[in-house]
Amino acid sequence: MSLLSVENLHVTFSTPRGPVHAVDGVSFGVGAGEVLGIVGESGSGKSVTLRAIPKLLHANATVSGTVRWRGEDLHAMDDARLRAVRGGQVAVVFQEPMSALNPVLPIGVQIDEVLTAHTQFDAAARRKRGIELLGLVGIASAATRLGQFPHEFSGGMRQRAMIAIALAAAPALLLADEPTTALDVTIQDQILKLLLRLVGELGMALVLVTHDLGVVAETCDRVAVMYAGRLCETGTVHDVFLRPHHAYTHALLRSMPGEGAARSMLVPIPGQPPRIDAPVPGCAFAPRCTFTEARCATTRPALVAMADGHESACYAAARLGSEIAA
Amino acid sequence: MRLFKRLPAPLLLGLAILALMAAFAIAPGAFTPYDPLGFDFSALLAAPSLAHPFGTDQFGRDLLARSISATAIDLQIALFATIFPGLLGTLIGLLVGWYGGVVDALFGRLVDLVVTFPFLVLVIAIVAVLGPGLVNMYIAVTIVGWVFYARLMRSEVMVQKNGEYIAACKVLGYSTPRILFRHILPNAIRPVLVYAVTDMALAILLGSSLGYLGLGAQPPEAEWGVLIADGKNFFTTAPWIALFPGTVIVIAGLGFSLTGDGLADLLEVKR
Amino acid sequence: MSLLSVRGISKRFPARRGMVDMLRGRPKLAVHAVEQVSLEVFRGETLGIVGESGCGKSTLARCLVRLHEPDAGAIDFDGADVLGLAGPERRAFNRRVQMVFQDPYSSLNPRMTVGATLGEALMVHNVVPKAEIPRRVRELLDLVHLMENAAERYPHEFSGGQRQRIGIARALAVEPSLIIADEPVSALDVSVQAAIVNLFMELQDRLGLTLVFITHDLRLVKHMTHRVAVMYLGRIVEVGPTAEIFAAPRHPYTQALIRAVPQVKPGRRSGEAAVMGELPSPLNPPPGCAFHPRCPVATAACRETVPGLEARGGAWDVACLLAG
Ligand SMILES: Nc1ncnc2c1ncn2[C@@H]1O[C@H](COP(=O)(O)OP(=O)(O)OP(=O)(O)O)[C@@H](O)[C@H]1O
Ligand SMILES: Nc1ncnc2c1ncn2[C@@H]1O[C@H](COP(=O)(O)OP(=O)(O)OP(=O)(O)O)[C@@H](O)[C@H]1O
Ligand code: SF4
Ligand SMILES: [Mg+2]
Ligand SMILES: [Mg+2]
């Protein structure tokens, strides 16, 4: 059974220029020891989806749909219960490490806060755990580092510190929003390997938001592809990457420089990324799609099962055919 | 017309006030039948009434007519007391911001020096040395006021010159004057323009203050500050003499501030 | 024949010292952004420059177009010493070497129409007679696949990818022979990157351009460059033919970098990180080989000797004492 299940999630922002439907009927689940990747281009609603789960959205957001945590409706919980779950069993790593860390508190104090809130440890045990956590995320001389402020850390170390704070209460689920996008590849590699170790050794569930298909391919078990606030395809990484059943996933994978002959022309996706404030009827990808048929422009395709655990919302699913030579 | 519909209400109000002031300045006779300098000994110190909405002064001169006829001088003050320091300050700020280094350090000292004195005190001191009158007032305001424009301009240029479009200009081999005046200036001028419009309100107050002190416009030239000064002796018996010109100053100031704020939004560059 | 030849250039940025540092008499520090870099760019090729954030790629690029003056070293372009150029000769150099910038938003003047931006470059360099400028602007827009009516519009009316096309058109306006592109696709959405990459390759073939392509995307480098230079902490640690280097990298850092790049191929998970540790501070680079604190095979000698960029018995240059 899924640890977390999200059903028919909708998020609408009220803005001065009218409502913006940023997340439009998204459903997925994650089990213990599983890594789910959420990919999509900038503005497709990945961060909003992630933040809607633990109710961490801005005040101008209206959320509907059900989010169940171990079967319990997360959005129906009272504040005290929600606070206990959030930061304890469900931890979040935000996209921007500097804005998510408190600049005027030493890292050690920020870790301590989480431990005080979510564990029964005494002061000495909390300190010991703090040192252990920094060591775990690969920060050397952890004892001195505990007393330092975020600005004394490099970008990579701040991101690790964020992850250490998130992991403090040994969460059962980690929601990570582009945890490595701002980092160098060698540091990204270290952090992803660390997260995978936690998933493997402790059975933590991980939802990883990213726009790097490579990160998904190497890190995730399953993937949910988002386009213009909607889910267009979900399935195991293997199925989705090797036999995409949505024209957008298909086009995206084909546009990557792969094993093709050096300096051969790439296959770009025509047109511009969609504007969420100007939704189109029918399939959101239709204006850029090379597989369109008449109903694409008028009737929105629903997410349907293509094979066991592989769903896609594309009329051309069967016509995409050939395997991607990645 | 469509342009007007798109403008925000506060800006429209500000522009309307300024337009009215401009009309007063251009054709003062069109708004009142009275001669601003005409004595009327039958209506000395008359309280506001239908015939004299602002009342009259101790010589029976109509205060509405005098306030309206003063507009030309006050608008002139608003304009000249900002344009001269504005131009000088913009140019200096542009160069200081661009060249930086030693030039900037020197400029910093100079700014520190000027801002240690209250603006008004410094201007009064300079006018006192040069002698009273509008021209000397403009000179004094320019000597002191450019600093504020230059400071604004300098910091904006510092930001703009690191923009990649400036790097692109350099790589394209454009000359420094071209980069400064065609590229940096249009992108850096917005805060200066906005400040200038707001500064016009302050300039009117300054002109009025100096007029009041007898250092600015000289009687019988009607100027709002001079009008208030005239009224000060009658403040308990005929408060309208000072009150109405004072109100006019406030309204004019409001017009400039509203316009300045509106302009700030309007000139915002779209990214 | 090499079109551009760089010999031993260095660029350091003095670091700001706080009052405390000064009072304590701490020494003046400098960021060693580019250290002793030597490099050849051959006519008609695409040379990739890769490396992690802060390793000096942009600084090197800016030295090549003289946006920065190097503290030491020499740059030859087409046989002429670039650093000595002034006046009209410098302007002539500017015409032949152009740059495309990373940020499509800040690299265009927001208060000028696209037509004015392109026209200005044409006018300043007298590329075409004045009367021909509008026609040439249309040709340039067509060359980068933008619509003709783009000329009357302002940068904010375009998407990131379209703006990058405008930046490319501006560079092409003066008909350069070398274009230095500093992360030209990094700021773009993945789905529009491919189109810009194609444009570079197409223009290069059509116009016979030489291209220096700076990026941290190794997948892209592998796909589109002929040769690649790998930078680490201000120095080039390996330079040679792209296909060969990707097949058998000789420097331990190149090896780690290539291993760390996630491939768009499912299930290549391995448990081990490619390399541990972080980039040391460029204010205080380690002695000897700058990579030694992170290097899995470092020896005592690595801590003392700075390895030079040499062939070391292989087909291309590498700066590692143990290579061979
Ligand atoms: N508080 C808000 N008010 C109004 N609109 C919002 C708000 N937060 C997000 N949006 C809009 O919702 C859409 C989805 O945003 P989201 O941050 O989820 O994108 P994303 O997929 O995470 O993109 P990125 O890759 O750039 O992080 C965007 O169009 C964004 O402008
Ligand atoms: N104008 C400058 N003043 C001071 N330091 C600078 C300046 N420009 C660059 N640096 C420093 O020089 C080093 C190299 O920077 P550079 O921008 O060349 O790196 P890069 O490889 O282009 O990185 P990125 O991938 O992040 O663009 C960095 O430590 C940077 O902080
Ligand atoms: S020289 Fe030494 S430390 Fe440097 S890369 Fe080679 S083996 Fe590693
Ligand atoms: Mg996001
Ligand atoms: Mg750079």
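What radius of gyration would a compact globule of 324 residues have, and what value does chain C have? A compact globule of that length would have a radius of gyration near 20 Å, and chain C, at 21 Å, agrees with this. The radius is taken over C-alpha atoms, and the globule rule is 2.2 Å times the number of residues to the power 0.38. The model is predicted: local features require pLDDT of at least 70 and side-chain atom pairs count only at pLDDT 80 or more, whereas totals for chains, interfaces and linings use all residues. Residues are numbered from 1 along each chain as its sequence is written, chains are lettered from A and ligands numbered from 1 in the order in which they are written, and side-chain values use heavy atoms, with hydrogens and water left out.

The model scores ipTM 0.87 and pTM 0.87. In chain C the mean pLDDT (the predictor's confidence in each residue, from 0 to 100) is 92, and 97% of the residues reach 70 or more. For chain B the mean is 86, and 97% of its residues reach 70 or more. Within chain B, confidence is lowest in helix α1 (residues 2–6), with a mean of 61, and highest in helix α8 (residues 176–188), at 95. Where pLDDT is low, the predicted coordinates should not be read in detail.

Chain A contains twelve helices and twelve strands. The radius of gyration of chain A is 21 Å, close to the 20 Å given by the globule rule for 326 residues, so chain A is as compact as a globular protein of that length. Along the principal axes, the C-alpha atoms of chain A fill a box of roughly 65 × 50 × 40 Å. Chain C has ten helices and eleven strands, and its C-alpha trace spans about 70 × 55 × 45 Å along the principal axes. Chain B, by contrast, has eleven helices and zero strands; its C-alpha trace spans about 75 × 50 × 25 Å along the principal axes.

Two pairs of chains touch, and the most contacts are between chains A and C, contact meaning heavy atoms within 4.5 Å. Chain A and chain B are joined by no contact, their closest C-alpha atoms lying 15 Å apart.

At the interface of chains C and A, 44 residues of chain C are in contact with 50 residues of chain A. The two chains bury about 3800 Å² between them, 55% of it on carbon and sulfur atoms; buried area is the accessible area (1.4 Å probe) that two parts lose on being put together, summed over both. Two salt bridges are counted between chain C and chain A, a salt bridge being a side-chain nitrogen of Lys or Arg within 4 Å of a carboxyl oxygen of Asp or Glu. One salt bridge pairs the side chains of Arg219(C) and Asp212(A), at 3.2 Å from N to O. On the side of chain C that touches chain A, α7 (190–207), α8 (218–224) and α10 (252–260) of chain C each supply at least two residues. The most comes from α7(C), with eleven residues. By class, this side has 18 nonpolar, 14 polar and twelve charged residues. Ala, Val, Leu, Ile, Met, Phe, Trp, Tyr, Cys and Pro count as nonpolar, Asp, Glu, Lys and Arg as charged, and the others, Gly among them, as polar.

At the interface of chains B and C, 19 residues of chain B are in contact with 29 residues of chain C, and the buried area is about 2200 Å², of which carbon and sulfur atoms give 55%. Three salt bridges are counted here. Glu164(B) forms a salt bridge with Arg62(C), with the closest N and O atoms 2.9 Å apart. Helices α7 (164–171) and α8 of chain B each give two or more residues to the side that touches chain C, and α7(B) provides the largest share, six residues.

Key
Helices (H or I, at least four residues) and strands (E, at least two) are DSSP runs, numbered from the N terminus.
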